[in-house]
Amino acid sequence: MWAWAVSGFLVLVGMIGLFTDQIGPLPTNRLHALGLNLGVGLVGFAFARFSREDVFVLLAGIGMIVMAVLGYLPGTGEHLYAWLHMNRAESAIELGTGVLSLGLWATQRR
C-alpha cells in the first residue's frame, strides 16, 4: 500500500505544482512538479501495476534520501533551490519519507 500511497500523493502534488509556485510551506516549480513529483509518481504506479511495489519502495527510499542529503550539503543545496525550488523543510520531509520507505522495505521483504 505504501507504493500506491506515495505514487498517488506525488501525482496529486505534481498536478497542483504545475499551476502554483507554493504548496503549503513548500516551494515548487514546473520542473520539480514534472520531474520529481509526476514522473516518479507515474513510475510508481507502473511498478505497482506489475506487482513490483517492493522495488519501487526501495528505489524511492534511496532517491529520497539522496535528494535530502544533496539539499543539506552547502554546495548543492543552493543549486537544488534554484533549479527545483527545494528548501530545508522539503529536505527534511524527503529524509523522513526516505527512511520510512527503506524501513518498510526492510520489514516487508519476501
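Guide: In this predicted model, take helix α3, residues 53-72, together with α5. Their axes come within 7 Å. They cross at roughly 150 degrees. Angles over 145 degrees count as roughly antiparallel, so α3 is roughly antiparallel to α5. The crossing of α3 past α5 is left-handed.

Now look at the residues that meet. The α3 side includes Asp54, Leu58, Gly61, Ile65, Ala68 and Tyr72. The α5 side includes Arg88, Ala92, Leu95, Gly98, Leu102 and Trp105. Glu94 belongs to the α5 side as well.

Stay with Glu94. Helix α5, which holds Glu94, covers residues 88-108. Set aside the neighbours within four places in sequence. Glu94 is then in contact with Met64, Ile65, Met67, Ala68 and Met86. Among these, Met64, Ile65, Met67 and Ala68 are listed on the α3 side of the meeting.

Is Glu94 buried or exposed? Glu94 is buried. Yet Glu94 has no salt bridge. The nearest side chain of opposite charge is Arg88, and Arg88 is 14 Å away. A salt bridge needs a side-chain nitrogen of Lys or Arg within 4 Å of a carboxyl oxygen.

Finally, step over to Val43. Val43 sits in helix α2, which spans residues 30-49. Its relative accessibility is 42%, so Val43 counts as partly exposed. Compare its place with that of Gly98, one of the α5 residues that meet α3. Val43 and Gly98 are 55 residues apart in sequence. In space they are 17 Å apart, C-alpha to C-alpha.

Conventions: Residues numbered from 1 in each chain as written. Predicted model: local features only at pLDDT ≥ 70, side-chain atom pairs only at ≥ 80, totals over all residues. Heavy atoms only, no water. Helix = DSSP H or I, 4+ residues; strand = E, 2+ residues; numbered from the N terminus. Buried < 20%, exposed > 50% of the residue type's maximum accessible area, 1.4 Å probe, protein only. Lys, Arg positive; Asp, Glu negative; His and termini not counted. Contact = heavy atoms within 4.5 Å. Axes fitted to C-alpha atoms, helices over the stretch in contact; angles between N-to-C directions. Parallel < 35°, antiparallel > 145°, perpendicular 65-115°, else oblique. Left-handed = near helix turned anticlockwise from the far one by under 90°.
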